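Please read the points below with the model open.

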Amino acid sequence: SDYSEETEGGQKEDGKEEEYIPSQHPTDVRREMSLLPRPIRHFVNRKRELSEIKRFLNKNDSQNDCRCILLHGSVGMGKTSTAVKAVNEILDADSETVVAYVNCRFLASLDDLAGKIAKQLYHFPFREPAIGRIKSLLIEEENFHPLLLLDNFEFLVQLDDGRSMEMQAERRFPSEKTEIMKFFRDIATKSKKAHLLVTSSKNIDILQTGQQWIKLLPFNEDDSLQLLKKVYGDTPLEKETACKIAHCCGGIPFVLFALAAWQDNPTDLLEMLTNPDRKEKFTRISDATEDEKIDVCIDVCFKRLDTHHQNTLVSLTVFRGLFTTSRASRILKSAELRGAIDELARRSFLEQHISDPYHYSILTVYSLYCQNKTIETPFQEVFSDARKMFINYVLSFLEETFQSFLSTDVSKAIVEYRREDEIIMQLIDWFGVKGSMEEDQEKRCTDVFNKVGELLGKMMGKKTFDGAFTQLKYKCKESKDPKRLGECLTSLGIKEVFSCGCSPDLCDEAAGRAKPYLLEADRIQCDLDISTGNSRAQCLAKLGRCLVKEQSFTEGKEKIRQAIDIRKARGEADIVMLGATYNDLAVALSLEGNHEEAIKVREGETLEIYRKHLGDRHPFTATILNNLSNNYSALGEYDIAKQYSEEALKIRRELLKDHYDTAKSLFDLGMVHKNREEFKDAKAYLRECESMQRFLDDPTMISELERTIKEVEECMLNEGKEKLTKSDDDLGQEGKSITLQ
């Protein structure tokens, strides 16, 4: 694939299926998952601050009630580097601490945050582990000490910026900032082992009690001398020269390092800072106030770059996280980036992270500066072109991955999607920011997201899916584009159907949530006289299921048959989705109580299509197998039902892992065993289902969870009755034996 990550040597890395690593695994395995950077090479001093951080985080001090440290100070004081240095030293001395590093500047939502923490501490396979589950794991953790390093915490307050008031008013969830603050506070106050280390340029009260504050101040002359010696190495450096440079730079570590990286000779640097006749105007830094120095320094350093390197730096700001040279070259379609990236790293504009291959990130202060530069005419076009290439790359990736998903290459599609989920989330973030896309880009994004909706419906958590398509829906309303609006409404309705974990079929609650979207989409499509296409077929089929659920069997089945006709008209190009639409008909027949006919449709149409075009190991195939299990169970043919259910569960465990569909298979297999009066096995599967439903922690699945708990209790009761009956039988046999004797 063109989208596989490459090593710096140009060799592509084979994607491997991610595995769930349970809580009892040793901490050294977890440390390999951490995104914690290594300490910077030029770190100096901060001995007092490092000592305080380690003292406040000392888990062996029974008198220490600190749960959260706020490391704050002005921009450029070295908050991140100090926190990273302290945490690395803690890890070197303590085998029981495990760290999750999160740069809050790049958080899109609470789901995004939970995913980043979970991947580092628990290696959950999906981007969106349930918030409640992650919180409870951190609170109840007994096997290691979780340390959450939350960098650039001040950016949390901007999470809801850029979203329209109309969208925020419709949100079914609290604001992201409110949810995230509650998430951290609950962990810090309720966990016995978890701690927070937070960096921020603002003084923030995170906890009412148990919080400590450490403020970073500018370097003194000795600290400045040490830093300059590290930068200049063997180059002679007089203490007087170093002190004068430090005075001009206000003792701000970032300014000192950035300027020293530009000038190989400290004497020449001092002359640049003090000579008003120099064309670079470095004296602006000396004359600036402490609050202004870093901004002036960044401006001066940026203007010293030639046009090529300026444009490269502005283009690279499209990446909100880490990137490799090969990935940046591929997305930005430039073979000349390698040399430019190396030079920008040498000049301290980029931070180089030691890994194989090397990863880079743009220093926050430079990234923010470049964002401001993009409003200037020369750079506006540069950034716009870079973002267009980024968007086109993501959309092309989704289209290609969707084709793999609807084929026997489904495992490859899932692995590649997970590898690129960060850039997909970045694209979704731009949906909610006004002016981030031109009209043609918005239209293409809408078209592609609706086109690959089945892939996104399986791979995205419900909240992220709902947020993305709600934003697209509003863009369609604002641009008065009814056709695309109808497609977005259809996608939102489909997700409600997909997310229903009820068995055997769509529940009343899910149908009630899906139907308003689908009715409005149907009205729009009818008004526009749309009678073909994937969205029209999906709308008819899923609306038909909702109608059948309301006992409108004739009307519902007629809509599904119309959808089948649309699919048939497209021939082989739509063969897989024809199979899916036949399954919609089978759902309607099942709800009608006609299980024999539903089995004929599923075995004779859908399963045959899926096995031929998708293979035996595909999530869609698993869905049909699970549905057939339900049909045979309804007919009392439990042996066949058990066989189908076990096959479906095997596929879902392998491909989807902790997922709504996997939980559904666990429930159905448990119910098959219950109907066979194998209560011990039934209880085991149902308890695993209950655990997974709690983990998914979806408020729309409460009724399913309650039902599972009820079934577990019934199995326990029946199991107890079996034991009691067996005990009575044994006593009876023993009595007969005594009588005979």
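1. Burial comes first: buried means under 20% relative accessible area, exposed over 50%, and partly exposed in between, with a 1.4 Å probe and protein chains only. This is a predicted model, in which local features need pLDDT of at least 70 and side-chain atom pairs count only at pLDDT 80 or more, while totals for chains, interfaces and linings use all residues. Residues are numbered from 1 along each chain as its sequence is written, and side-chain values use heavy atoms, with hydrogens and water left out.

2. Salt bridges. A salt bridge is a side-chain nitrogen of Lys or Arg within 4 Å of a carboxyl oxygen of Asp or Glu. By this rule there are 52 salt bridges. One of them joins Asp-421 and Lys-119, at 2.9 Å from N to O. Asp-421 is in helix α20 (residues 421–431) and Lys-119 in helix α4 (residues 110–121), so that distant parts of the chain, 302 residues apart, are linked. Helices here are DSSP runs (H or I, at least four residues), numbered from the N terminus. Asp-421 counts as buried because its relative accessibility is 8%, whereas Lys-119, at 24%, is partly exposed.

3. Two further bridges. Asp-222 pairs with Lys-239, the closest N and O atoms being 3.8 Å apart. Since Asp-222 lies in helix α8 (residues 221–232) and Lys-239 in helix α9 (residues 239–249), this pair ties together parts 17 residues apart in sequence. Both ends are partly exposed: Asp-222 has a relative accessible area of 42% and Lys-239 one of 46%. Lys-515 and Glu-550 form a salt bridge at 2.7 Å, N to O. Lys-515 belongs to helix α25 (residues 508–527) and Glu-550 to the loop between α26 (534–549) and α27 (553–569), so the pair ties together parts 35 residues apart in sequence. Here Lys-515 is buried at 18% relative accessibility, and Glu-550 is partly exposed at 42%. Elsewhere, Arg-46, Arg-48, Glu-49 and Glu-52 are linked in a network of salt bridges.

4. Nonpolar cores. A nonpolar core is a set of buried Ala, Val, Leu, Ile, Met, Phe, Trp, Tyr and Cys residues joined through side-chain atoms within 4.5 Å. The largest has 160 residues, and those with the most contacts inside it are Leu-316, Leu-350, Leu-398, Leu-427 and Phe-449. Helix α18 (residues 377–405) supplies the largest share of this core, 13 residues. A second, separate core of 35 residues includes Phe-144, Phe-153, Met-181 and Ile-204. Beyond four places in sequence, Leu-316 touches residues including Phe-323, Ile-341, Leu-350 and Ile-362.

5. Aromatic rings. Rings of Phe, Tyr and Trp (its six-membered ring) pair if their centres lie within 6.5 Å; planes under 30 degrees apart count as stacked, over 60 as edge-to-face and the rest as tilted. The count comes to 16 aromatic pairs. Phe-319 and Phe-390 form an edge-to-face pair, 5.9 Å centre to centre with 75° between the planes. Phe-319 is in the loop between α14 (307–316) and α15 (325–332), and Phe-390 in helix α18, 71 residues apart. Phe-319 is buried at 6% relative accessibility, as is Phe-390 at 0%. Ring pairs link Phe-319, Phe-323, Tyr-360, Phe-390 and Trp-430 into a cluster.

6. Backbone. Most residues other than glycine have a negative phi. Lys-333, in the loop between α15 and α16 (337–346), has a positive phi of about 50° and is exposed at 67% relative accessibility. Lys-657, in the loop between α31 and α32 (660–675), has a phi near 60° and is buried at 14% relative accessibility.

Notes
Helices (H or I, at least four residues) and strands (E, at least two) are DSSP runs, numbered from the N terminus. Contact means heavy atoms within 4.5 Å.
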